Amino acid sequence: MPLGSEGIDLTFKATSAITQYYAVMMDTSNSGQVVVATANANVIGICQNAPSAGENASVRVFGRSLHVTGEASLTCGDLLTSTSAGTGEQADAAGEYCYGILLRDASGSGTTAEVLVNAVG
């Protein structure tokens with residue numbers, strides 16, 4: 001269920017292929033481009049499409065979005081940080097970068113969950 005009109009999307013060039021609904025970060029080697037987020041990265045948002053390298057990535061930087069989870073069980077209200085694969089997991093350690101809040105319970109790594117993106121750390 002796309003949540004197209006419930007947020008702010010920005011367009012960036014994808015340095016490499018990005019899977020839809022994965023977290024992305026700025027590519028520090030290619031100014032103005034994005035890549036799949038790494039563990040506890042400074043996530044700027046959730047990719048709303050599935051661009052190949054060099055194509056435009058539509059990134060939800062604020063608002064409601066779907067997001068692929070990387071943890072077996074998440075609870076509504078959990079703060080999210082990124083896994084090494086760009087999926088979301090509970091931010092449960094001091095100093096982790098938080099970019100969203102889970103809006104509904106999610107069970108099973110690799111499932112799609114609804115989140116509120118607020119990538120301000």
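Strands here are DSSP runs of E with at least two residues, helices are runs of H or I with at least four, and both are numbered from the N terminus. With that in hand, the elements of this protein read β-β-β-β-β-β-β-β-β-β-β from the N terminus on, which comes to zero helices and eleven strands. The model is a predicted one: local features need pLDDT of at least 70, side-chain atom pairs count only at pLDDT 80 or more, and totals for chains, interfaces and linings use all residues. Residues are numbered from 1 along each chain as its sequence is written, and side-chain values use heavy atoms, with hydrogens and water left out.

**Overall shape**

- Along the principal axes, the C-alpha atoms fill a box of roughly 35 × 30 × 25 Å.
- Buried residues make up 44% of the 121 residues; buried means under 20% relative accessible area, exposed means over 50%, and partly exposed lies in between (1.4 Å probe, protein chains only).
- Take the contacts (heavy atoms within 4.5 Å) with a separation of 6 or more: residues 24 or more positions apart account for 53% of them.

**Two nonpolar cores**

- A nonpolar core is a set of buried Ala, Val, Leu, Ile, Met, Phe, Trp, Tyr and Cys residues joined through side-chain atoms within 4.5 Å. As background, nonpolar side chains tend to be buried together in soluble globular proteins.
- The largest core has 20 residues, and those with the most contacts inside it are Ala23, Val43, Ile46, Tyr99 and Leu102.
- At least two residues of this core come from each of strand 2 (23-26), strand 4 (43-47), strand 5 (56-68) and strand 11 (112-118). Strand 11 gives the largest share, three residues.
- A second, separate core has ten residues, among them Phe12, Val24, Val34 and Ala57.

**A salt-bridge network**

- The structure holds four salt bridges, each defined as a side-chain nitrogen of Lys or Arg within 4 Å of a carboxyl oxygen of Asp or Glu. Glu6, Arg64, Arg104 and Glu114 are linked in a network of such bridges.
- Arg64 and Glu6 meet through their side chains at 2.8 Å, N to O. Because Arg64 lies in strand 5 and Glu6 in the segment before strand 1 (7-14), this pair ties together parts that are 58 residues apart in sequence.
- Arg64 is partly exposed at 30% relative accessibility, and Glu6 is partly exposed at 37%.
- Arg64 also forms a salt bridge with Glu114, where the closest N and O atoms are 2.2 Å apart. Here strand 11, holding Glu114, is tied to strand 5, holding Arg64, across 50 residues in sequence.
- Glu114 is buried, with a relative accessible area of 4%.
- Glu114 has a salt bridge with Arg104 as well (2.8 Å, N to O). Arg104 sits in the loop between strand 9 (100-102) and strand 10 (106-107), ten residues from Glu114.

**Around Thr83**

- Thr83 is found in the loop between strand 7 (79-82) and strand 8 (88-90), and is buried, with a relative accessible area of 12%.
- The side chains of Thr83 and Thr87 make a polar contact at 2.7 Å. A polar contact is a pair of N or O atoms within 3.5 Å; within protein, one must be able to donate a hydrogen and the other to accept it, and residues adjacent in sequence count only if both atoms are side-chain atoms.
- Leaving aside neighbours within four places in sequence, Thr83 is in contact with Ala37, Thr38, Ala39, Gly70, Gly88 and Glu89.

**Cysteines**

- The structure holds zero disulfides, a disulfide being a pair of cysteine sulfur atoms within 2.5 Å.
- The cysteine sulfur closest to that of Cys76 is in Cys98, 15 Å away and too far for a bond.
- Cys76 is partly exposed, with a relative accessible area of 44%, whereas Cys47 is buried at 0%.

- Tyr21, in the loop between strand 1 and strand 2, has a positive phi near 70°. Tyr21 is buried, with a relative accessible area of 13%.
- Asn40, in the loop between strand 3 (33-36) and strand 4, has a positive phi near 50°. Asn40 is partly exposed, with a relative accessible area of 33%.
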